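Welcome! Take a moment to look over the sequence and the 3D view, and then we can walk through the fold together.

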Amino acid sequence: MSVVGRLGPVPVTPAYEHEQLVAKLGIEIVRCEPGLVVGTMPVGGNRQPAGILHGGANAVLAETLGSLAAMLHAGPGRTVVGLDLSCTHHRWVAAGTVTGVCRPLHEGGGNASYEIVISDAAGRRTCTARLTCAIGRPPARRPGPVLPSDKSQEQPST
């Protein structure tokens, strides 16, 4: 479901459309709805020198899914940034595709935390990640400029 110019339902700034890390790692968003974000990533092209899936690639998949979940929760006009990401790698993967499933642990007004479970093609858990995001409020609406009073409307003083 990845479309040029979008990551799931989230628009990508046009100037950076062709610089997205998810494209370089081959991450595909399979499902993206409130409470559940699912994505896949190939092992090929994302290996460490020993030939297995690089742990940093797992981290990118986890942060991508969790950030999308937080953006869906936050709604339009709000900014979402990652605060903390931890990944525990349970087993290595040498081939195929991994699937990440992201579900909320907490979704509040100012922050949200997610658990992302990454599994191999056989359904075995290979990594468990937790992402906490800060959710910024939309900028406060400032009053318009203060204009000098229109002198022509004032009563003449006597």
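## Reading the model

Two strands are said to pair if DSSP finds at least two bridges between them. Strands (E, at least two residues) and helices (H or I, at least four) are themselves DSSP runs, numbered from the N terminus.

This is a predicted model, in which local features need pLDDT of at least 70 and side-chain atom pairs count only at pLDDT 80 or more, while totals for chains, interfaces and linings use all residues. Residues are numbered from 1 along each chain as its sequence is written, and side-chain values use heavy atoms, with hydrogens and water left out.

## The sheet as a whole

Let us begin with the sheet. Six strands make an open sheet with antiparallel pairing, in the order β3-β4-β6-β7-β8-β5. At its edges stand β3 and β5 (79-89); each has a single partner strand, so one side of each is left without a neighbour in the sheet. From one strand to the next, the twist averages 20° (axes are lines fitted to C-alpha atoms, for helices over the stretch in contact, and angles run from 0 to 180 degrees between N-to-C directions).

Strand β3 (residues 28-33) runs antiparallel to β4, and five bridges join them. Across this pair, Arg-31 faces Val-38 in β4. The two strands form a hairpin with two residues between them, where Gly-35 has a positive phi near 90°.

On to the next pair: β4 and strand β6 (residues 97-107) are antiparallel and share six bridges. Is β4 enclosed or open? Six of its seven residues are buried, so β4 is largely enclosed by the rest of the structure. Here, buried means under 20% relative accessible area, exposed means over 50%, and partly exposed lies in between (1.4 Å probe, protein chains only).

Within β7, Tyr-114 is the bridge partner of Pro-104. β7 is mostly covered, with seven of its nine residues buried.

β7 also pairs with β8 in the antiparallel sense, over nine bridges. Glu-115 has Arg-130 of β8 as its bridge partner, and Ile-116 has Ala-129. In the hairpin of β7 and β8, five residues lie between the strands, and Gly-123 takes a positive phi near 85°.

## The nonpolar core

Which residues have the most contacts inside the largest nonpolar core? They are Met-41 and Ile-116, in a core of 33 residues. Such a core is a set of buried Ala, Val, Leu, Ile, Met, Phe, Trp, Tyr and Cys residues joined through side-chain atoms within 4.5 Å. At least two residues each come from α1 (21-25), β3, β4, α2, β6, β7 (111-119) and β8 (125-136). The biggest share is from α2, with eight residues.

Asn-46 sits in the loop between β4 (36-42) and α2 (55-74). With 6% relative accessibility, Asn-46 counts as buried. Beyond its neighbours within four places in sequence, its contacts (heavy atoms within 4.5 Å) include Leu-25, Met-41 and Ala-57.

Now look at Pro-11, which is part of strand β2 (residues 10-11). Pro-11 counts as exposed, at 56% relative accessibility. Leaving aside neighbours within four places in sequence, Pro-11 is in contact with Gly-5 and Arg-6.
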